[in-house]
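Student: Before we turn to the details, could you take me through this model by way of questions? I would like each term to be given with its cut-offs as it comes up.

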Amino acid sequence: MIRPVRRGRLSPGEMFPAGDPAYRVSYPRLRSGIKVRVVERGDLASPPVLFVPGWGCSLYVYRRNLPVVADAGFRAIAVDIKGHGLSFKPLGVREYSVESLVDHIEEILDALGLDKPALVGHSMGATLLYHFVSRHPERARSLALLSPVGLSGVPRMWLYRSLSPSFLEPIIRRVRPRTIVKLALKRVYGSRGSFSEEDVDQYWAPTQFPECSVALRQLLHSYDWTAARTRKLATVSLPAIGVWGSLDHMIPADGLDMYKRLIPGIALREIEGAGHIIPEETPDEVNEALIALLRRAS
């Protein structure tokens, strides 16, 4: 059920892609009963490419990539994973473990009838797709990791967790100021681009649903952000790229070197001056790398 819009926020009908006829919007129900929002463009018969956002992001983060990938001859598909955007937001810490989210990605592929799509993930969405491919290597044609976060830890994660204990969930449901979203965007941008007030509104809009902030808090505490230290990570063999910004404060000093071992042959590219949110800050460089990978994998 869609609740009334909270004051000042965009309504679901105003959120990207806001009635743009170039896009198809659907809400498939997964085996688990969860409904997810899917936005896509491009020929249905073209090779599929599934875009997965990271923590705290909706599929809006890919607004500058979907048209270019579709125009290059691919079926560009983006999804709000559970807890995000306009998808269902189930509550419970088990919903947001690595294992549960890997199963969630498999359910999404099954619901969309995607046998072996190319996979694109940003931030946590990138490491989630690595975990998915390591468990289901036969389900992916290629893998694009954009600013991947969640294998080697996140700076100040101890602080974020200590500031969001479970007993604060009733308050977290009610307090979701626009200022926090704006400050977060300032933190993840580098020196190559800037965001608009419209961008702030689009990122703020999902917080009109009380479950949104609680789900994000539970994911923050449940996802394994240090998998390189806590798990035995599998080697994956498929065409892959890793792209990140030189000013990304969430990426280790050695960049994505660990992925050279996990994904032999991965092509790595650092974008000078870019921050963490490269799909929208430096879309030209990201799109160039994506299309080169997609054509090579096809």
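Student: Which residues of helix 8 are buried?
Tutor: This is a predicted model, in which local features need pLDDT of at least 70 and side-chain atom pairs count only at pLDDT 80 or more, whereas totals for chains, interfaces and linings use all residues. Residues are numbered from 1 along each chain as its sequence is written, and side-chain values use heavy atoms, with hydrogens and water left out. Helix 8 is mostly covered, with twelve of its 13 residues buried, where helices (H or I, at least four residues) and strands (E, at least two) are DSSP runs numbered from the N terminus, and buried means under 20% relative accessible area, exposed over 50% and partly exposed in between, with a 1.4 Å probe and protein chains only. The buried ones are Pro 210, Glu 211, Cys 212, Ser 213, Val 214, Ala 215, Leu 216, Arg 217, Gln 218, Leu 219, Leu 220 and Ser 222.

Student: How far apart are the end C-alpha atoms of helix 8?
Tutor: The expected span of a helix is 1.5 Å times one less than its number of residues. For the 13 residues of helix 8 this should be 18 Å, and the distance between the end C-alpha atoms agrees with it, at 19 Å.

Student: In what order do the eight strands of the open sheet lie?
Tutor: Two strands pair if DSSP finds at least two bridges between them. The sheet is open and its pairing is mixed, and the order of the strands is 1-2-4-3-5-6-7-8.

Student: What angle does the direction of helix 3 make with that of strand 5?
Tutor: Strand 5 (residues 118–122) and strand 6 (residues 142–146) are paired in the parallel sense over five bridges, and Gly 121 has Leu 145 of strand 6 as its bridge partner. Helix 3 (residues 124–135) packs on the sheet and touches strand 3 (48–52), strand 5 and strand 6, contact being heavy atoms within 4.5 Å. The direction of helix 3 makes an angle with that of strand 5 of about 140°.

Student: Which residues point one way from strand 4, and which the other way?
Tutor: Five of the five residues of strand 4 are buried, so the strand is largely enclosed by the rest of the structure. In a regular strand the side chains alternate between the two faces of the sheet. Here one way is taken by Arg 75, Ile 77 and Val 79, and the other way by Ala 76 and Ala 78.

Student: Which residues is Leu 50 in contact with, leaving aside its neighbours within four places in sequence?
Tutor: Leu 50, Ile 105, Leu 143 and Ile 263 touch the most other members of the largest nonpolar core, which has 50 residues. Such a core is a set of buried Ala, Val, Leu, Ile, Met, Phe, Trp, Tyr and Cys residues joined through side-chain atoms within 4.5 Å. Beyond those sequence neighbours, Leu 50 is in contact with Ile 77, Val 79, Ile 108, Leu 109, Leu 112, Ala 118, Leu 119 and Val 120.

Student: What is the phi of Ser 123?
Tutor: Ser 123 lies in the loop between strand 5 and helix 3 and counts as buried, at 9% relative accessibility. Not counting residues up to four places away in sequence, Ser 123 touches Gly 54, Leu 146, Ser 147, Pro 148, Val 149 and His 276. Most residues other than glycine have a negative phi. For Ser 123 the value is positive, near 60°.

Student: Which residues does Asp 248 touch, not counting residues up to four places away in sequence?
Tutor: Asp 248 is placed in the loop between strand 7 and helix 10, and is buried with a relative accessible area of 5%. The residues it touches are Ser 147, Ala 274, Gly 275 and His 276.

How values were computed. Axes fitted to C-alpha atoms, helices over the stretch in contact; angles between N-to-C directions.
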